[in-house]
Amino acid sequence: MFVRGLKRKCFDGEEDIEGTLAGIKAIPSYNLQRQSLLDMSLVKLQLCHMLVEPNLCRSVLIANTVRQIQEEMTQDGTWQMINTQSTGQASLDRLVSTDILCRSSREQAEGKHVPGYSTFSKDFEGNQAQDSSETMSTASSVQAPRNLQSDVWEMENPQENKGNFQKSLDQIFETLENKSPNSVEDLFSEVDNSYYDLDTMLTGMMSNTKMGHCDGLETFSSPTTTPSNSNCKSDLNELDHIVEILVES
Amino acid sequence: FLGAGGGNDIQWCFSQVKGAVDDDVAEADIISTVEFNHSGELLATGDKGGRVVIFQQEQENKIQSHSRGEYNVYSTFQSHEPEFDYLKSLEIEEKINKIRWLPQKNAAQFLLSTNDKTIKLWKISERDKRPEGYNLKEEDGRYRDPTTVTTLRVPVFRPMDLMVEASPRRIFANAHTYHINSISINSDYETYLSADDLRINLWHLEITDRSFNIVDIKPANMEELTEVITAAEFHPNSCNTFVYSSSKGTIRLCDMRASALCDRHSKLFEEPEDPSNRSFFSEIISSISDVKFSHSGRYMMTRDYLSVKIWDLNMENRPVETYQVHEYLRSKLCSLYENDCIFDKFECCWNGSDSIVMTGSYNNFFRMFDRNTKRDVTLEASRENNKPRTVLKPRKVCASGKRKKDEISVDSLDFNKKILHTAWHPKENIIAVATTNNLYIFQDKMN
């Protein structure tokens, strides 16, 4: 869809290093922007639950955009990056100018300079120095696993991540359908019948799966989902408590 | 462009502006719909506070024929109130989404107004006489002691100050799970359709406890939902035909004679995507925000985020005409996605002869496209030009590069000032343009 290895021209002070790192830098640059778009879209989907009643058309369009990004990321194998990156800052602070995403592929091919229209410029300028080193280190750290363990990553993670991701998208629509207000906990809390299955509880499988699920969500949700995380953990404590009682009796 | 010049070019002049002057906009005053009636004598607006205001054009002053009659307030009433859905714990907004007039059959006027869930049929009638001279009642309404009545008289009608009354005649409720986006009255003048995100219902104007579902695109599993209905309209002449548009940029034409549930379209109108313009936002900007048949019924017009398209009903694979409304926004789609402007739903309208189409944009700009001359013009609704008969100056947006004098650069556009609703008088060159909370009326210059 987009031409890779394209120089970014909208940021000052990078032209010296761009020549040498154009190849490596351009790839994470596009990926970073795409990731930003994904983060922004997920935040939007969460936010729409805090309104009176979600605008279904808007939600559907945003969800479709998220799916498109997910599909593209799965195709080019970058989907596993979600788990490996430290994404504590997966918030709007990380958003950078995404003008590359606005360019048509024709413009990309021509290397046309589109005037940067960065609404995030304030955040970006502050982090600019940081960002370039961050992207560089991310680039190098990502390259390594991809090259050495690409097969392993691809086998293990994308399906699971896809499953988790698909699940949260589905939950978004379920919640939209039921129109239950509004908290993010509702959005991401898992309604899983096996939770109440005595066998799975006693064998301890439930706690492992539950923890894994929360981890998966953490990586691409905004800071506002920390309550949901604690929700998982408090539920687990309750579970342990219940199991204790059952075992003792 | 349409503007100064010879021939048939229209020169648009400011006529009136309605609404509060101050910049602090009360949420309830935000205009949400504008519609002329079939004669053009009445102009209705609906707002976010659930109110309907109807303006009436005063009779043309034969002596001073340099302008057409002005529009003055005729009736104001509260159409919808906020409601609470206890089952879902959600508020139902009172905002009026659409108003549609019925053709006039007698002295009274009728219109349909709808919010997200309920459609109401309103009767607007005039009272300019009242009966006087009752035998058993005093003038103030107190009953007279029958023993004091010695003679009988016949009550007579005497003139009184004009009173315009609006009364709800029908309430069509509980038929929509999702938000109603369109209503459209059939050419049989007996039935009408209402469309929400996933379903379209057919009603009879006399019957409120029943409606027929004619389109249902809700998937069995809501997780599979990828497309919603965005607008629907009946054909102006053919009472069995209607169209509905979707968030994926398609329009489906359905024939109600084919089957009770019109799940299979008779025609599907869709333009193939331009692969060179593909981006993550392609689908969002292809979502159709409005669909309107031409008065002739031969064409229909659709509005998506960046363009207006005219379709010939006989050709499904592409529109016959495409007009760019604000192509300079294509490179700003990311920012417009971030601030949600990309989801703004612009409407569009035809002039009476179907030769010109109009739609709104940002910065209180609106655009007109002449289908015959292929010329277009950008005008602005602003209080700066508010002297009557001031000719509006065409505006120009500078996309990139050097900005010429009088041009406005894209980055200076005010995206909070959006013109979503416009209407064109069915017979004359009079247009109504709604900014956030003001209604502007423009007319062509008469000599």
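The accessible surface of chain A comes to about 12,200 Å², and carbon and sulfur atoms hold 53% of that area; accessible areas come from the Shrake-Rupley method with a 1.4 Å probe, and for residues only the protein chains shown count as cover. The model is predicted, so local features need pLDDT of at least 70 and side-chain atom pairs count only at pLDDT 80 or more, while totals for chains, interfaces and linings use all residues. Residues are numbered from 1 along each chain as its sequence is written, chains are lettered from A and ligands numbered from 1 in the order in which they are written, and side-chain values use heavy atoms, with hydrogens and water left out.

**Chain A**

- Chain A contains 10 helices and zero strands; helices (H or I, at least four residues) and strands (E, at least two) are DSSP runs, numbered from the N terminus.
- Read from the N terminus, the elements of chain A follow the order α-α-α-α-α-α-α-α-α-α.
- Of its 249 residues, 49% count as buried, where buried means under 20% relative accessible area, exposed over 50% and partly exposed in between (1.4 Å probe, protein chains only).
- Among the contacts in chain A with a separation of 6 or more, 77% join residues 24 or more positions apart; a contact means heavy atoms within 4.5 Å.

**Chain B**

- Chain B has two helices and 32 strands.
- The radius of gyration of chain B is 24 Å, close to the 22 Å that the globule rule gives for 447 residues, so chain B is as compact as a globular protein of that length. The radius is taken over C-alpha atoms, and the globule rule is 2.2 Å times the number of residues to the power 0.38.
- The C-alpha trace of chain B spans about 95 × 60 × 40 Å along its principal axes.
- Buried residues account for 53% of the 447 residues in chain B.
- In chain B, 54% of the contacts with a separation of 6 or more are between residues 24 or more positions apart.
- Chain B exposes about 20,900 Å², with 47% supplied by carbon and sulfur atoms.

**Nonpolar cores**

- A nonpolar core is a set of buried Ala, Val, Leu, Ile, Met, Phe, Trp, Tyr and Cys residues joined through side-chain atoms within 4.5 Å.
- The largest core has 45 residues, of which B:Tyr305, B:Leu329, B:Leu336, B:Tyr337, B:Ile342 and B:Leu413 touch the most other members.
- Two or more residues of this core come from each of helix H1 (15–47) and helix H2 (56–75) of chain A and helix H1 (282–286) and helix H2 (333–338) of chain B.
- H2(A) gives the largest share of this core, nine residues.
- A second, separate core of 18 residues includes B:Trp12, B:Met368, B:Trp424 and B:Ile431.
- In soluble globular proteins, nonpolar side chains tend to be buried together.

**B:Tyr337 and charges over rings**

- Leaving aside neighbours within four places in sequence, the contacts of B:Tyr337 include A:Leu37, A:Met40, A:Ile62, B:Phe281 and B:Ile342.
- A:Lys44 lies over the face of B:Tyr337, at 5.3 Å from the ring centre. A charge sits over a ring if NZ of Lys or CZ of Arg is within 6 Å of the ring centre and within 35 degrees of the ring normal.
- The charged end of B:Lys137 is placed over the ring of B:Tyr134, 4.9 Å from its centre.

**Aromatic pairs**

- Rings of Phe, Tyr and Trp (its six-membered ring) pair if their centres lie within 6.5 Å; planes under 30 degrees apart count as stacked, over 60 as edge-to-face and the rest as tilted.
- By this rule there are 20 aromatic pairs over all chains.
- In one of them, the ring centres of B:Phe172 and B:Tyr192 are 5.2 Å apart and the planes stand at 75°, so the pair is edge-to-face.
- B:Phe172 lies in strand E11 (residues 156–172) and B:Tyr192 in strand E13 (residues 191–196) of chain B, so the pair ties together parts that are 20 residues apart in sequence.
- B:Phe172 is buried at a relative accessible area of 0%, and B:Tyr192 is buried at 0%.
- B:Phe14, B:Phe366, B:Tyr440 and B:Phe442 form one aromatic cluster.

**Positive phi in loops**

- B:Lys374 has a positive phi, near 60°, in the loop between strand E26 (365–370) and strand E27 (376–380) of chain B.
- B:Asp406 has a positive phi, near 75°, and is partly exposed at 47% relative accessible area.
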